[in-house]
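Colleague: I have a few questions about this model. Shall we go through them one at a time?

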There are 2 protein chains.
Amino acid sequence: MLIVQKYGGTSVGNLERIQNVARRVAETRRQGHDVVVVVSAIGGETDRLLKLGADMIQHGSPRGSQQREMDVLVSTGEQVSAALLSMALHDLGVEACSLMGHQVRIVTDAAHTKARIASIDATKLRAVLDSGKVAVVPGFQGVGPSGDITTLGRGGSDTTAVALAAATQADVCEIYTDVDGVFTADPNVVKTARKIDRISFEEMLELASLGAKVLQIRSVELAMKNRVPLHVRSSFHSGEGTWVTDEEKNMESVVVTGVAADRNEVKVTVRSLPDNPGMVAKLFEPLAEANVSVDMIIQNVAEDRTTDLTFTVNATDLDRTVEIVEGLKADLGATEILSDDRVAKVSVVGLGMRTHAGVASKVFRILANEGVNIAAISTSEIKVSVLIHSKYSELALRALHEGFGLAG
Amino acid sequence: MLIVQKYGGTSVGNLERIQNVARRVAETRRQGHDVVVVVSAIGGETDRLLKLGADMIQHGSPRGSQQREMDVLVSTGEQVSAALLSMALHDLGVEACSLMGHQVRIVTDAAHTKARIASIDATKLRAVLDSGKVAVVPGFQGVGPSGDITTLGRGGSDTTAVALAAATQADVCEIYTDVDGVFTADPNVVKTARKIDRISFEEMLELASLGAKVLQIRSVELAMKNRVPLHVRSSFHSGEGTWVTDEEKNMESVVVTGVAADRNEVKVTVRSLPDNPGMVAKLFEPLAEANVSVDMIIQNVAEDRTTDLTFTVNATDLDRTVEIVEGLKADLGATEILSDDRVAKVSVVGLGMRTHAGVASKVFRILANEGVNIAAISTSEIKVSVLIHSKYSELALRALHEGFGLAG
């Protein structure tokens, strides 16, 4: 088998842990598999480098050319890990060879600090594997169209691993982390949360975007598109973790696979909008142009032909959103703009919803029984999300987890 | 003019000093010059990375593949400096672009951790300069024949700077350091030592190899071969430093340019060797094969047809030397092997010696007046070296400095 293994910052947190990772890689190699290892920077190192760069810039935030240099700077974190792991492997008698993003070549677009992978040439990687060596690739980094060093943005190492697995047609991409796998709910909140053995890409995508922080969304999309089976597992013991794969027959028998809460949204309310056609477009088009993505929307038509429009945006976009909407206020004829960050989006996710009716109403009933008010609702084929007051977030998660029979 | 500027580890020791370097580069740029900047790692960073790598290796010293990874690891030090300096330049409104060794391309041989530059493609560097930008290149690193990251060994950044100056036919290569230039003697020992305004490559080579640590020998050789004028100067003020150039007419009017002491040699004595032809070859051939370079040699023929042979080697080669000579003892018929590290080699250097006779005898007279015994003598066209007891090292330096009229 050809196995891609990705180790995060905690797993390579110090020299001892890197040696631990080396032993695991060596073990996989001794079982006869070809191995490509993708490593993150030593835990905390990326933040240290980012701070060093930020301190260097006295005048505002990094501009184009400075972002190019930020990538040169920050990519050294993963380069150090890759070199150290290769040395640790040699020390165990396992031949290994580090390959930087530009050596592999992992070609990206030119969007420094948040580049996207355009193509991967697997020739050199193949040659290293064929010579009997383990290939060690720093995550997060690539090479732009004109040969510049680029980075993929936060959590980019997951994406590197999946992209390399796709390019080499690996049998599996193992994502090693400090938890045992993907859980039915956040175990810190729901004590009865259970590790999920198998989950579909679609469900994982919903859970990832809803605040389950185990996998980066982009890497799940990429795995789904290229049908790369993911195995999310602990780097601290050898037990099985969670397999993220194409949908399988028996998956649908479970109605709900997991529940998640997202506390990163903020509710914005525009008061007393005249209830005219086109008013909503007038409001949301400028937001879209400013790259603010609006998640949930609720519109209540009032009796005096005005309406209160409520929507949610990511907390990091709040200032920009309020600025834009305030600018439109007079033009729109609105009376007031309110915002509230004491909200949580709680969601239940499961492939089975496609064939089982009544999941949404069951969600409402469970929350009503607990006295939790619902401010907004959004649904997809395999997900029901509700916006509630943030103080009920944990209560709602536990009730839904219990109500849908997810406990172990 | 096209100017290559090299800043060492002390000059880029922290963020403030990097900003200071940026201001100096910006000033050079504003005078209308094209600038290529070569930077070392932040002071202490290379040692930190070397230690990290050494700690990773549990079993012996780094082997071939581990040396390859050591280069991947250690080269990040200069990469960080190059990125930070480029950002600092942008902050001052000066367009800059960092280019790693593999981007320039600085092609080296495959001798990891001590690679030698084979060729430099100046095309990309030229393109960056032609677009009006400052090129910032990390010193010490290159790319091997098969695309691997290589490093040039200790002090390699000087060599990078001179090689880039040669490849781009720069008008001058400025070496910025924490001293004011090259001195007639070590100012810590000889209070009256004077900064030398101009010195020839040949003299600089002798002084560099005799313990004046301002420039790395390899970089002076390269500058001499390519006739790249060097300007060694302080990064902390704007005064002129020392120009190292091709020989100029007026240089010969000065008999002695500088004096230097080298405490890194050890004296080895082989007692009572039979005074037969071929005996010396029998002793020195095995040393040469073991890559031990013998510097000074003294042979005293005694009356009973045996001789005491004394020679000096670098202190780091002492253990190996004694081991080899002990192994030969019986075969040679020698009675005893002695070694003594309480020696210093004191030298006077000057182009003028080629036309002025009597420098050697003046050296002997000056030292005799101070009661300093001479254990060995070696001379070249432009240098006289004597081996003395190390306790007289400072005294001898001061006496020679005074005797040859070098004081300011």
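This is a predicted model: local features need pLDDT of at least 70, side-chain atom pairs count only at pLDDT 80 or more; totals for chains, interfaces and linings use all residues.

Colleague: Which residues of H13(B) are buried, and what covers them?

Modeller: The buried residues are Ser393(B), Ala396(B), Leu397(B), Ala399(B), Leu400(B) and His401(B). Their cover includes one helix, H12 (359-369) of chain B. It also includes three strands of chain B: S13 (258-262), S18 (343-349) and S20 (383-389).

Colleague: Is Leu318(B) buried, partly exposed or exposed?

Modeller: Leu318(B) sits in helix H11 (residues 318-332) of chain B. Buried needs 20 or more other C-beta atoms within 10 Å, and exposed needs 12 or fewer. Leu318(B) has 17, so Leu318(B) is partly exposed.

Colleague: Which residues does Leu318(B) touch, leaving out those up to four places away in sequence?

Modeller: Lys383(B) is 65 residues away in sequence and 25 Å away in space, C-alpha to C-alpha. The residues in contact are Val266(B), Val313(B) and Ser339(B).

Colleague: Which helix gives the most to the side of chain B that touches chain A?

Modeller: The contact takes 29 residues from chain B and 29 residues from chain A. On chain B, helices H2 (45-56), H3 (64-74) and H4 (76-91) each supply at least two residues. The one that gives the most, with 11 residues, is H4(B).

Colleague: How many residues of that side are charged?

Modeller: The side of chain B that touches chain A has 12 nonpolar and 12 polar residues. The charged ones number five.

Definitions and conventions
Residues are numbered from 1 along each chain as its sequence is written. Chains are lettered from A and ligands numbered from 1 in the order in which they are written. Helices (H or I, at least four residues) and strands (E, at least two) are DSSP runs, numbered from the N terminus. Two residues are in contact if their C-beta atoms, placed from the backbone, lie within 7 Å. Ala, Val, Leu, Ile, Met, Phe, Trp, Tyr, Cys and Pro count as nonpolar, Asp, Glu, Lys and Arg as charged, and the others, Gly among them, as polar.
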